[in-house]
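Good morning, and thank you for making the time.

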Amino acid sequence: MLKIKNLHASIDGKEILKGLNLEVKAGEVHAIMGPNGAGKSTLASILAGREEYEVTQGEVDFDGQDLLEKGTEDRAREGLFLAFQYPVEIPGVSNVNFLRTALNEIREYRGEQPVSAKEFMQLVKDKSAIVELDPKLASRSVNEGFSGGEKKRNEIFQMAMLDPKLSILDETDSGLDIDALRIVANGVNTLKSDKNATIVITHYQRLLDYIVPDFVHVLYNGQIVKSGPKELALELEEKGYDWIKAEFAE
Amino acid sequence: MSMQTIEKETASSANWKLDGSFVLNSSLRERAKQTLDEMSFPTTRTEAWKYTRVAKIKNASLAIAAPKSISGTFGLDADSLKFVFVNGHFSKELSSTSYPDGLKILALSQMDEAERNVLGESLSLDSNVFTTINTAYATDGLYVHVSAKMVIEPAIEIIQINDGSNVLSNLRHILRGEAFSEVKFIQHSISLAGDSNFTNVITEVAVARNAKLTIDKLQEENENCFQISQEFVDQGQDSNFTINTITLNGGLVRNDLTIEVNGQNCETHLNGAYILKGNQHVDNHTIVDHKVAHCESNELYKGVISEKATAVFNGKVFVRKDAQKINAFQSNGNVLLGNDASVNSKPELEIYADDVKCSHGSTTGQLDEEAVFYLRARGLSDASARQLMVGAFVGEVFEKIENEGVVDRIHAILSERFEWSNVN
């Protein structure tokens with residue numbers, strides 16, 4: 001589904017990704033771990049199409065298409081979803097109104113009929129239940145006045161509404177207490193199927209107790225320096241990142 | 001607001017054709033004309049006109065037009081009482097002929113002379129040249145008197161149409177709600193094949209004790225037309241006055257609202273929205289003058305300015321000495337879309353009482369690009385994302401409007417003129 005080959009990217013002339021390779025297949029959950037500053041969020045931003053980053057080398061194939069050629073919205077319409085580390089508050093724009101617009105623009109892109117009002121309301125009801133999000137919050141302004149946990153639940157709610165092929169969860173565990181973490185993880189697990197895939201970007205192992213990865217990758221200094229089964233996350237938790245740093249020092 | 005006559009050129013020397021028949025009494029008109037001989041048009045050196053140049057109006061070859069009959073159906077609200085003015089003249093054919101009890105409503109030109117002759121005297125002749133021009137040359141206007149305790153169900157719609165080119169329309173409306181009455185107005189300005197027309201309109205409003213009066217004012221004249229619109233409002237005790245000023249088209253539009261709160265326990269609501277593009281210039285000046293205690297005023301103006309358009313907002317709130325326990329809130333927010341759009345916003349509070357709660361705020365900014373990115377990352381196009389955000393921004397003002405016909409028309413303009421497809 002996703003093939004990243006030799007990806008190099010920089011911001012303000014500083015190279016952050018230095019030849020990153022990654023392949024994700026349908027049905028898989030990949031965790032990307034690594035110390036602060038390794039390039040984890042940069043990877044998420046580049047995949048979502050943030051324009052501040054410049055890709056200097058390499059390619060990203062998403063279901064047979066050149067992802068880097070596409071604008072942010074077209075990536076979303078092709079089925080890529082980024083759950084933001086810091087979800088944005090948008091005063092006055094109602095969550096459901098914007099989601100209906102998003103859903104319809106995605107459908108139009110795919111040559112499908114717009115969602116009916118009834119169908120849409122049912123979707124909101126069903127999907128908000130997955131993350132135990134109060135339907136009242138679903139109709140409020142996007143993230144405005146939401147707690148940290150509500151914001152992250154709202155991200156997963158939107159993910160459920162848009163039903164993406166590939167979801168990238170960028171530090172979704174940051175700022176969550178254990179209950180919220182469980183709810184968010186449960187939502188992600190419920191949405192998992194053999195047709196979609198998930199990339200979980202995290203600094204800590206604890207999220208991976210709830211969202212169990214098929215593969216764990218260690219991102220350090222702009223490259224994936226180590227990949228392994230889920231046990232690798234436990235090893236990182238136990239030993240920290242220093243041994244990685246020592247082994248792969250610049 | 002005193003005029004500074006720096007220019008030698010007087011208001012009377014504008015190259016305008018001012019022939020016709022006029023509605024206000026002849027001695028008042030004579031005084032107005034004499035005053036005009038000594039007044040000049042404001043320049044940007046005049047404080048109240050610092051950001052708005054009226055040279056285009058002054059230098060236009062305007063003429064008062066003869067009555068003209070046009071065809072069509074007008075009005076935003078199917079159930080309203082409609083009073084249509086074309087180029088400053090009442091159009092009987094296009095207007096409603098029957099109306100509910102408790103209402104006296106007719107064009108100034110249709111009134112008994114004796115009744116009409118007492119009108120128009122209360123406005124100062126030497127403050128604002130456009131007021132004086134209006135007093136001297138008003139060709140018509142609507143007179144409405146709502147009797148005490150009458151609640152008028154249908155909205156009263158004043159439709160101001162300009163058609164043709166270089167037409168000068170001076171309209172003078174007089175709206176009076178007696179004690180315990182309730183009435184709602186729509187004031188809608190449109191151009192047909194309007195080109196370089198100038199509409200100079202004054203609305204004198206009196207809201208008596210315990211009365212409630214609302215005006216939804218929708219301005220959508222052509223991009224090369226001018227409008228200067230003034231409201232002078234006198235609120236009696238326990239009264240409630242609301243005015244929603246929505247400007248969605250028009251080349252040069254100036255709104256001057258002067259609200260004198262003369263009685264205690266009043267509520268005053270001023271909401272405004274302006275969405276501008278092209279070379280539009282829209283100036284909203286408001287004055288709320290709290291002369292007595294125990295009143296509340298709320299003012300919310302929001303604008304979205306794109307291309308080379310300019311918006312001006314100047315909101316003044318006075319709280320006079322002894323006007324204690326006043327709650328006065330004022331807020332103006334602007335979103336600039338594009339580097340050539342501009343806004344001048346100046347909220348002003350002048351407080352001479354010591355036990356009051358007042359606040360004002362002004363914000364001008366661009367859209368939050370992080371929010372635009374967030375929406376795009378969910379599949380919205382860049383245009384949809386921006387439109388959704390600006391729609392939500394000004395939507396707060398549209399939500400204050402109760403008349404569905406007015407709201408529908410606003411949405412139609414947003415979609416036709418501004419190509420907004422999703423309005424919250």
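Is R378(B) buried or exposed? R378(B) counts as buried, because its relative accessibility is 0%; here buried means under 20% relative accessible area, exposed over 50%, and partly exposed in between, with a 1.4 Å probe and protein chains only.

Some conventions come before the rest. This is a predicted model, in which local features need pLDDT of at least 70 and side-chain atom pairs count only at pLDDT 80 or more, while totals for chains, interfaces and linings use all residues. Residues are numbered from 1 along each chain as its sequence is written, chains are lettered from A and ligands numbered from 1 in the order in which they are written, and side-chain values use heavy atoms, with hydrogens and water left out.

To return to R378(B): its side chain meets that of E155(A) in a salt bridge, at 2.4 Å from N to O. A salt bridge is a side-chain nitrogen of Lys or Arg within 4 Å of a carboxyl oxygen of Asp or Glu. This pair crosses between chains, from the loop between α5 (369–376) and α6 (382–398) of chain B to helix α6 of chain A. E155(A) is also buried, with a relative accessible area of 1%.

The helix that carries E155(A) deserves a moment. Helices are DSSP runs of H or I with at least four residues, strands are runs of E with at least two, and both are numbered from the N terminus. α6(A) has 15 residues and reaches 22 Å from its first C-alpha to its last. That is close to the 21 Å expected at 1.5 Å a residue, the expected span being 1.5 Å times one less than the number of residues. Of its 15 residues, 13 are buried, so α6(A) is largely enclosed by the rest of the structure. D163(A) follows this helix, and its phi is positive, near 50 degrees.

Now to the interface as a whole. Contact means heavy atoms within 4.5 Å, and 31 residues of chain A are in contact with 19 residues of chain B. The area buried between the two chains is about 2100 Å², with carbon and sulfur atoms giving 58% of it; buried area is the accessible area, for a 1.4 Å probe, that two parts lose on being put together, summed over both.

How many salt bridges are there between chain A and chain B? The count is four. One joins E73(A) to R376(B), with the closest N and O atoms 2.7 Å apart. On the chain A side, the elements that give two or more residues are α2 (72–78), β6 (80–83), β7 (90–94), α3 (95–109) and α6 (148–162). The largest share, six residues, comes from α3(A).

Over all chains, the count comes to 32 salt bridges. Within chain A, R50(A) pairs with E52(A), the closest N and O atoms being 3.9 Å apart. R50(A) is buried at 15% relative accessible area, whereas E52(A) is partly exposed at 48%.

Within chain B, D283(B) forms a salt bridge with R254(B) at 2.7 Å between the closest N and O atoms. D283(B) lies in strand β15 and R254(B) in strand β13, so the pair ties together parts that are 29 residues apart in sequence. Both D283(B) and R254(B) are buried. Salt bridges that share partners also join R50(A), E52(A) and E370(B) into one network.
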